[in-house]
Amino acid sequence: PNYVMAKEYPAAKASCIKVFPAEMQTTDKAALSEKYQDIPPCIPTDDDAAFHEALTTAIQKIAFSTNNTEPEHMFLIGLAYLEGIDVESDRQRGMELIRKAAESRLPEAMKMQSQMYASRLGANNDRYEALNWAERYWEYYTQTCGEKHPDTLAAMFFTVQILDTGRFADEAVHLCQKVYALQCEVLGEDHSDAISTLIFLADKHVQHQPQKALELYERAYERLLKTLGEADPKTISIVQRLADAHRFLWNREQASALYKKAYSLLVAYWGPNSYEASEYMFKMAEAHHSMGGLPAALKLYDRLYTLQRNDATREYTFAIDSLHRMAKIYDELGDWQNVLRMRKKIYAHQCKVIGKENPKILKSLDSLIEA
């Protein structure tokens with residue numbers, strides 16, 4: 001059986017922790033009851049209002065049936081005040097209750113304390129306090145579960161993410177390497193957590209050590225091909241990263257081939273007119289431009305403009321961005337006639353989208369005068 005079936009659910013029952021099963025997809029109820037003894041009735045998720053009501057009721061029962069001094073209660077009530085859930089919002093009171101729960105070593109509260117300091121949800125943005133609570137959260141699981149427990153590894157990686165700022169970047173990479181080694185040992189190299197950590201490590205190296213990043217991306221790509229297949233969005237994202245790494249190494253041919261491959265996979269998955277495919281075509285053009293491939297970049301921007309030019313629903317689209325980029329390339333080439341042609345198209349497109357009387361049109365008129 002999987003970890004939830006073998007460990008987590010029995011532990012929840014033994015600890016009298018409330019279980020709230022939600023049916024995310026149609027389930028064989030008999031098989032479910034057989035594998036999870038005494039599981040409560042599953043709540044269907046196809047009715048948002050009913051699901052929200054059931055979840056709120058379950059949380060309220062947990063919160064108000066618990067002694068007010070217990071960490072679980074303080075944490076739940078703190079969340080309620082923080083978000084204004086069935087009570088009048090009181091952020092200060094909510095933060096105080098969550099901090100008390102964290103000081104009582106409730107792991108969920110310690111994690112949230114760290115997040116609040118890291119993301120400015122608290123009164124102050126304090127990276128040292130964020131790191132302090134992240135390390136306490138990690139220490140809790142190390143002491144209660146051991147260093148090699150999946151929950152401990154998850155807490156370690158959370159600490160990596162808190163460390164991952166300019167000041168602590170080196171420490172983040174060092175700890176991340178340790179997390180990855182333990183994940184491979186405990187979970188296996190093909191586990192999704194280990195692969196995600198490997199990708200995180202590669203991302204940290206891509207600008208300053210692109211060759212190292214390339215090696216790590218290739219390893220992650222092999223794992224994802226094996227576990228998810230080529231057509232999965234996560235695998236496609238690694239093809240994109242591989243292309244970027246080759247671009248940083250100035251391997252034009254390899255980068256170009258991988259950009260094309262990633263685009264073909266995105267089109268197959270999302271469709272040729274999808275936002276994802278259009279966004280990536282724009283990125284491909286930027287990459288060719290940065291590598292000095294001006295003709296290839298122009299061709300891609302022009303193709304994207306052709307695909308998007310009839311989109312008159314928004315002021316800023318890939319169409320108008322492509323025209324701006326084409327004007328810039330023609331300017332670099334000293335082709336003033338085509339610069340003027342692009343700026344005329346920009347002006348016409350903006351008039352169509354926002355109207356000739358819009359003050360923003362003056363900027364386009366200025367660029368036409370300059371041309």
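Author: Helices (H or I, at least four residues) and strands (E, at least two) are DSSP runs, numbered from the N terminus. This is a predicted model, in which local features need pLDDT of at least 70, side-chain atom pairs count only at pLDDT 80 or more, and totals for chains, interfaces and linings use all residues. Residues are numbered from 1 along each chain as its sequence is written, and side-chain values use heavy atoms, with hydrogens and water left out.

Reader: What percentage of the 371 residues in the protein is buried?

Author: The secondary structure of the protein comes to 18 helices and two strands. A residue is called buried under 20% relative accessible area, exposed over 50%, and partly exposed in between (1.4 Å probe, protein chains only). Among the 371 residues of the protein, the buried share is 41%.

Reader: Are helix 7 and helix 8 roughly parallel or antiparallel to each other?

Author: Axes are lines fitted to C-alpha atoms, for helices over the stretch in contact, and angles run from 0 to 180 degrees between N-to-C directions. The axes of helix 7 (residues 127-145) and helix 8 (residues 150-163) come within 8 Å, and they cross at roughly 170 degrees. Angles under 35 degrees count as roughly parallel, over 145 as roughly antiparallel, 65 to 115 as roughly perpendicular and the rest as oblique. Helix 7 and helix 8 are therefore roughly antiparallel.

Reader: How many residues in the contact of helix 7 with helix 8 are nonpolar?

Author: Contact means heavy atoms within 4.5 Å, and among the residues that make this one are Trp-138 and Tyr-141 of helix 7 and Phe-158 and Ile-162 of helix 8. Ala, Val, Leu, Ile, Met, Phe, Trp, Tyr, Cys and Pro count as nonpolar, Asp, Glu, Lys and Arg as charged, and the others, Gly among them, as polar. Besides three polar and three charged residues, the contact of helix 7 with helix 8 has a nonpolar group that numbers 12.

Reader: Which residues of the largest nonpolar core touch the most other members?

Author: A nonpolar core is a set of buried Ala, Val, Leu, Ile, Met, Phe, Trp, Tyr and Cys residues joined through side-chain atoms within 4.5 Å. In soluble globular proteins, nonpolar side chains tend to be buried together. The largest core here has 95 residues, and those that touch the most other members are Val-160, Tyr-217, Tyr-280 and Met-326.

Reader: Which residues does Val-160 touch, not counting those up to four places away in sequence?

Author: Two of the residues concerned, Leu-175 and Val-179, are among the buried residues of helix 9. The buried residues of helix 9 pack against helix 7, helix 8, helix 10 (192-205) and helix 11. With residues up to four places away in sequence left out, Val-160 touches Ala-172, Leu-175, Cys-176, Val-179 and Phe-200.

Reader: How far apart are the end C-alpha atoms of helix 9?

Author: The expected span of a helix is 1.5 Å times one less than its number of residues. Helix 9 (residues 169-186) has 18 residues and should therefore span 26 Å, which agrees with the separation of its end C-alpha atoms, 25 Å.

Reader: Which residues does Met-342 contact beyond its neighbours within four places in sequence?

Author: Met-342 is found in helix 17 (residues 336-354), and it counts as buried because its relative accessibility is 1%. Its C-alpha atom is separated by 8.9 Å from that of Tyr-330, 12 residues apart along the chain, and Tyr-330 is one of the buried residues of helix 16. Leaving aside neighbours within four places in sequence, Met-342 is in contact with Leu-323, Met-326, Ala-327 and Tyr-330.

Reader: What distance separates the C-alpha atoms of Ala-231 and Tyr-269?

Author: Ala-231 lies in the loop between helix 11 (210-227) and helix 12 (233-248). Not counting residues up to four places away in sequence, Ala-231 touches Ile-236 and Tyr-269. Although Ala-231 and Tyr-269 are 38 residues apart along the chain, their C-alpha atoms are separated by 6.9 Å.

Reader: Is Asp-38 buried or exposed?

Author: Asp-38 lies in the loop between helix 2 (29-35) and strand 2 (43-44), and its phi is near 60 degrees, a positive value in a residue other than glycine. Because its relative accessible area is 66%, Asp-38 is exposed.
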